[in-house]
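Colleague: Before I use this model, I would like to go through the terms applied to it and the grounds for each.
Modeller: Ask about them in turn.

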Amino acid sequence: MSTTPELTVAQSILQRRSCKRFKPDAIPADVLERVIDLTLHAPSSFNMQPWRLIVIDDAAQKEALAKVAWNQPQITTAPVVLVFAVSLRGWEQTFESVIKIASELGAWPEKFVTMARGAVPGFQNALGAKEREYAVKDALIAATHTALAAESLGLSSCFMNGWDESGVKEIIGAKDNPDIAIALVMPIGYGLDLPKFAGRLPREVTVFKGTLSK
Ligand SMILES: Cc1cc2nc3c(=O)[nH]c(=O)nc-3n(C[C@H](O)[C@H](O)[C@H](O)COP(=O)(O)O)c2cc1C
């Protein structure tokens, strides 16, 4: 692990910028491992963890990804690109594993497990058209963990919406899989030419007390 002191959460939030170009330097394996580990600590609805994180470090695969992402240079210059895919129905296979892990850790007592066994399938099945939205919410929370964890360890990142979903699915080998959706693409690495802070809207526009009114 790098000996550079890790930034605090607040420092990481304030320092993070959307990096458009990266240095060619590789990310040390232990640093990448730590970023992934911290990402996977993210919360998710019922702890179902619908994210499927695809780590891309192969140059040809990054080239292909850039082609379906308007050739944005952060994809080809980053040493690692993370694709945050989600499995819409994966919980059906992983539900029992989630219960087993939480029970073994003593986090989910038998009473809670009984409640979850009753409630979760009903909740998930009632989502209907919102199934994708709910899975994507979880993945974006995980991606936010990634960006801040990366920042705290001296790396930069870029949240990316600018890609064609079917193209990304093809590149990760999920072309014909209707269970898989793409939530986000995020290159990470050591930043070059980090943009300046573009500021944020005044609070009168974005923060309200009690109701959405002046
Ligand atoms: C969900 C999401 C998608 C984004 N997609 C792209 C993108 O495809 N390409 C890009 O260059 N920046 C993208 N951005 C970066 C935003 O433009 C950037 O966050 C915003 O301008 C504020 O700048 P900052 O992140 O440096 O503070 C995206 C950001 C978010 C949160």
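This is a predicted model: local features need pLDDT of at least 70, side-chain atom pairs count only at pLDDT 80 or more; totals for chains, interfaces and linings use all residues.

Colleague: What makes E2 and E4 edge strands?

Modeller: The open sheet has four strands in the order E2-E3-E5-E4, with antiparallel pairing. E2 and strand E4 (156-157) each pair on one side only, and are therefore the edge strands.

Colleague: How do you know that E4 and E5 pair?

Modeller: Pairing requires at least two bridges found by DSSP. E4 and E5 have two bridges, in the antiparallel sense, so they count as paired. Ser157 has Ile188 in E5 as its bridge partner.

Colleague: Why is Asn47 called partly exposed?

Modeller: Because Asn47 has 18 C-beta neighbours inside 10 Å, whereas a buried residue needs 20 or more and an exposed one has 12 or fewer. Asn47 therefore counts as partly exposed.

Colleague: And why is Gln49 called buried?

Modeller: The cut-off for buried is 20 or more other C-beta atoms within 10 Å. Gln49 has 21, so Gln49 is buried. Asn47 is placed in the loop between H2 and E2, and Gln49 is found in the loop between H2 and E2.

Colleague: What makes the phi of Asn47 worth a remark?

Modeller: Most residues other than glycine have a negative phi. Phi of Asn47 is near 60 degrees, a positive value. Phi of Gln49 is positive too, near 50 degrees.

Colleague: Which residues have the most contacts inside the largest nonpolar core?

Modeller: Phe84 and Met186, in a core of 42 residues. Among the elements that each supply at least two residues of this core are helix H2 (29-39), strand E3 (80-87), helix H7 (131-152) and strand E5 (180-189).

Colleague: With which residues is Met186 in contact, leaving aside neighbours within four places in sequence?

Modeller: Contact means C-beta atoms within 7 Å. On that basis the partners of Met186 include Leu82, Phe84, Ala143, Ala147, Ser157 and Cys158.

Colleague: How many residues of each class are in the shell around the ligand?

Modeller: Five are nonpolar, four polar and two charged. The residues around the ligand include Arg17, Lys20, Gln72, Cys158, Phe159 and Pro195.

Colleague: What share of the protein is buried?

Modeller: Buried residues make up 30% of the 214 residues.

How values were computed
Residues are numbered from 1 along each chain as its sequence is written. A nonpolar core is a set of buried Ala, Val, Leu, Ile, Met, Phe, Trp, Tyr and Cys residues joined through C-beta atoms within 7 Å. Two residues are in contact if their C-beta atoms, placed from the backbone, lie within 7 Å. A residue is near a molecule or strand if its C-beta atom, placed from the backbone, lies within 6 Å of it. Ala, Val, Leu, Ile, Met, Phe, Trp, Tyr, Cys and Pro count as nonpolar, Asp, Glu, Lys and Arg as charged, and the others, Gly among them, as polar.
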